[in-house]
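Here is a short briefing on one protein model.

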Amino acid sequence: MEDDETVAVLVRCCLDRQCFVLNGHFGLLVDRWKSRRKPLPLRKPMEFEESGDPERHFQELVSLAKYGVEKGKVVAIGECGLDYDRLHFCPSEMQKKYFEKQFELAEAVKLPMFLHMRAAVEDFCDIFARNRNRVIAGVAHSFTGSAEDRDKLLLFNNLFIGVNGCSLKTMENLDVVKGIPVERMMIETDSPYCEIKNTHAGINFVKSVWPSKKKEKYDDECTVKGRNEPCFVRQVLEVVAGCKEIADVNQLSKTLYHNTCRVFFPHDLDSVADALLSSSRQCNIP
Ligand SMILES: [Zn+2]
């Protein structure tokens, strides 16, 4: 089994975390990101059926995840969940069937889940409620739901809500984010997608910008124009701070970082995390 395959089981949040907290030191995890050549297998429940033998496919995923854990590369199972905006890729019945199965995988390898919920809150919550005790914790990332959706997710005390640029597009989005308690929130970029655009409601709170160049004129010192990049997680932080009227952005970042560590990187908590956070204050944010 190649190392490349192990990362297919995931870890997008690694990259954000690394860039967010350790600006200037993200090489290690960028390597993981770059080697993620395949699409995440769990994102496509169809793969269980298409494999011709769903049970064998499941066992292969268990082996893959265990191998990745041993190598220190896999910290979560994901993406898992339901997306009813994309029924053309996979009908809801099949999504539900294998969402259940994905909890079995998380339980088998004792890992938290990286979750996706789009326009499917009722079914998502039904399935999560039935399986919540099988999984340590999870984050419903790229959250774009309503205030009611948010409140339904928050009823599960082992579920966090993940915010990125897609969560900050409209005034209504900002209101929803305002109501997520910081101790139940994580932030991410969803790079290379979901950037905060000039037309988005959250843009007024963005303070950090980086020089950019078109991809044809690629420059190591610049971001690529039109591409969301991991360092932009700082902008997500700024918008969250802005709409929640939190003046102490560093304290907010610390809380969010600890939320992420608690779920995905428990070994990094405490003194090491604090040291990293302290050093990040001198990082090269323009
Ligand atoms: Zn997603």
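Five strands form an open sheet in the order 1-2-3-4-5, and their pairing is parallel. Strand 1 (77–83) and strand 5 are the edges; each has a single partner strand, so one side of each lacks a neighbour in the sheet. From one strand to the next, the twist averages 30°. The model is predicted.

**Sheet details**
- Strand 3 (residues 138–141) and strand 4 (residues 159–163) run parallel and are joined by three bridges.
- Within this pair, A140 stands opposite I161 of strand 4.
- Helix 6 (residues 92–109) packs on the sheet and touches strand 1 and strand 2 (113–118).
- The direction of helix 6 makes about 160° with that of strand 1.

**Nonpolar core**
- The largest nonpolar core has 57 residues, and I187 and V240 touch the most other members.
- Helix 10 (residues 233–243) supplies the largest share of this core, seven residues.
- Beyond its neighbours within four places in sequence, I187 contacts V163, V233, V236, L237, V240 and L256.
- In soluble globular proteins, nonpolar side chains tend to be buried together.

**V206 in its loop**
- V206 sits in the loop between strand 5 (185–187) and strand 6 (212–213).
- Is V206 buried or exposed? V206 is buried, because 20 other C-beta atoms lie within 10 Å, and 20 is enough to meet the cut-off.
- V206 and E238 are 32 residues apart along the chain, yet their C-alpha atoms are separated by 5.7 Å.

Methods. Residues numbered from 1 in each chain as written. Predicted model: local features only at pLDDT ≥ 70, side-chain atom pairs only at ≥ 80, totals over all residues. Core = buried A, V, L, I, M, F, W, Y, C linked by C-beta atoms within 7 Å. Buried ≥ 20, exposed ≤ 12 C-beta atoms within 10 Å, placed from the backbone. Helix = DSSP H or I, 4+ residues; strand = E, 2+ residues; numbered from the N terminus. Contact = placed C-beta atoms within 7 Å. Pairing = 2+ DSSP bridges. Axes fitted to C-alpha atoms, helices over the stretch in contact; angles between N-to-C directions.
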